[in-house]
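Me: I've got a structure open and I'd like to learn how to read it. Can you walk me through it?

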Amino acid sequence: MSNIFKCLNIAKNITTLCQSVAIKAAQSNTQLLSAARHVLPSVVTGTNSVRSLHSTNVRYDLMEFFDDPKNWPENEVKVGRAWKLDELRIKSNKELHQLWYILLKERNMLLTMEHECNDKMELFPSPERVDKVKISMNNLETVVRERNTAYHLLETGETGERPKRLVSNIIGMRSMYKSSEHAIPSHMNKKWFKTRSFSYGGHAVRKFLLLFREKLYNEKRKARVRSRNNVMMLLRRYPDLDLNMLRNKYPDADIDKLIRDDKIRGHFVPKF
């Protein structure tokens, strides 16, 4: 009996010790999290001294999802333009990281305000702000992808992007398919094989592809005709128009051939 009581006392002491250690660890983690909310990672200067970078005061309320109250009754809010690629390429990775979260926060706020205005049937001031933020985020993502591609090409000789290949679906329409990792090979994955059956055939499929290609050809032909008519109209109205500008704007039209056409000369009365 004495051995049993000794074992129970030892187990009780171990349980108490584990609980105290867990409480101390939780307290230390809470202190670290509270400190991390107000201080960014430290920066070591050239003089071996550590300087902390403090961020702005963070509000933990739902008003972060809404615009400044002074802009609510306004019909127009004055804002700047979107970020350009050349402006983003000269920034460091840290600055791009910070700018991404600023734009993300701004986009969430604008989408919330747009939804609230639609719900209240009111006018959303300056809706082009959403487009400017989206353009800036797309340009930022393009710059980051360029840097990642350059790094992977330098280190491994590959782009680092997901491999893509041109595949045909069950009705013969071709599209780009991005490869992804799977736990088992494709020939053993029956579910994936059923959804990605790239073989096609049959009279109905061939007829559909014939009509589909004819539709694409007619759309391209009509686009070429529209470009040619626009160029002829511009040359008829403005004979001294810059030809290089026309070539850049209408690459499908043969500018040199249209210049020699009689239709661009227009109708005029000869002088006697």
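Me: How do the residues lining the second largest pocket divide into nonpolar, polar and charged?

Reply: Keep in mind that this is a predicted model. The lining of that pocket splits into 7 nonpolar, 3 polar and 5 charged residues. The second largest pocket has a volume of about 220 Å³. Among the 15 residues lining it, Val79, Gly80, Glu106, Lys132 and Val133 sit closest to the centre.

Me: Which elements give two or more residues to that lining?

Reply: Those are helix 3 (93–119) and helix 4 (128–155).

Me: Okay, how do I read that pair of helices?

Reply: Two packed helices are described by the angle between their axes and the distance between the axes. Here, the axes of helix 3 and helix 4 come within 10 Å and cross at roughly 155 degrees. An angle over 145 counts as roughly antiparallel, so helix 3 and helix 4 are roughly antiparallel to each other. Their crossing is left-handed.

Me: And strands? In what sense do strand 3 and strand 4 pair, and over how many bridges?

Reply: A general idea to start: in a regular strand the side chains alternate between the two faces of the sheet. In this model, strand 3 (residues 164–168) pairs with strand 4 (residues 174–178) in the antiparallel sense, over 5 bridges.

Me: What do strand 3 and strand 4 form, and how many residues are between them?

Reply: They form a hairpin, with 5 residues between the strands. Look in the turn for glycine 172, whose phi is positive, at about 90 degrees.

Terms used:
Residues are numbered from 1 along each chain as its sequence is written. This is a predicted model: local features need pLDDT of at least 70, side-chain atom pairs count only at pLDDT 80 or more; totals for chains, interfaces and linings use all residues. Side-chain values use heavy atoms; hydrogens and water are left out. On a 1 Å grid over the protein atoms alone, a cavity is a set of points where a 1.4 Å probe fits but cannot get out, and a pocket is an open set with protein on both sides within 12 Å along at least five of seven lines; lining residues have an atom within 4 Å of a point. Grid points are joined across faces, edges and corners, and a volume is the space filled by probe spheres set on the points. Helices (H or I, at least four residues) and strands (E, at least two) are DSSP runs, numbered from the N terminus. Ala, Val, Leu, Ile, Met, Phe, Trp, Tyr, Cys and Pro count as nonpolar, Asp, Glu, Lys and Arg as charged, and the others, Gly among them, as polar. Two strands pair if DSSP finds at least two bridges between them. Axes are lines fitted to C-alpha atoms, for helices over the stretch in contact, and angles run from 0 to 180 degrees between N-to-C directions. Angles under 35 degrees count as roughly parallel, over 145 as roughly antiparallel, 65 to 115 as roughly perpendicular and the rest as oblique. A crossing is left-handed if the near helix is turned anticlockwise from the far one by less than a right angle, and right-handed if clockwise.
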